[in-house]
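This report covers charged side-chain pairs. Please look at the structure first.

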Amino acid sequence: MGELVGLVAVVCIFGWPIIGMFFKHQRQMAEMRMNTLGKADESLLAELHEIKRQMAELRDTTTRYDMSFDSALQRMESRMSHVEQRIAPANTAQARLAGGARPGSH
């Protein structure tokens, strides 16, 4: 039993520092992994912000094109309406002339 106590004493005396070094090494490795992941997370976060900025820019561009197209369409409709209004009296006059000049109506 005395030998066992001596062995336990030696293991405790030399074992605690070894166990302490092992856990210190494990902690340092975990910190290194966290730092590496943190840097990767920062780059992913920066890339995500860039994608969001590009999406906002694309949304603004499409909105501007949509408004421009809508404005051009309204101008074309206005011009067509104006042309139709100018042509309508001429068509009415032609219809009257054509209606009054029927063959055999003399």
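Helices (H or I, at least four residues) and strands (E, at least two) are DSSP runs, numbered from the N terminus. Helix α1 spans residues 2-100, and Glu31 and Arg27 sit four residues apart in it, about one helical turn.

This is a predicted model: local features need pLDDT of at least 70, side-chain atom pairs count only at pLDDT 80 or more, and totals for chains, interfaces and linings use all residues. Residues are numbered from 1 along each chain as its sequence is written, and side-chain values use heavy atoms, with hydrogens and water left out.

A salt bridge is a side-chain nitrogen of Lys or Arg within 4 Å of a carboxyl oxygen of Asp or Glu. The structure holds three salt bridges. Side chains of opposite charge can pair when their charged atoms come close.

| Pair | Closest N to O |
|---|---|
| Glu31 and Arg27 | 3.3 Å |
| Arg53 and Glu50 | 2.6 Å |

Arg53 and Glu50 are three residues apart in helix α1, about one helical turn. Glu57 and Arg53 also lie in helix α1, four residues apart, about one turn of the helix. Salt bridges with shared partners join Glu50, Arg53 and Glu57 into one network.

How exposed are the partners? Buried means under 20% relative accessible area, exposed over 50%, and partly exposed in between (1.4 Å probe, protein chains only). Glu31 is partly exposed at 41%, and Arg27 is partly exposed at 45%. Glu50 is partly exposed at 33%, and Glu57 is partly exposed at 46%.
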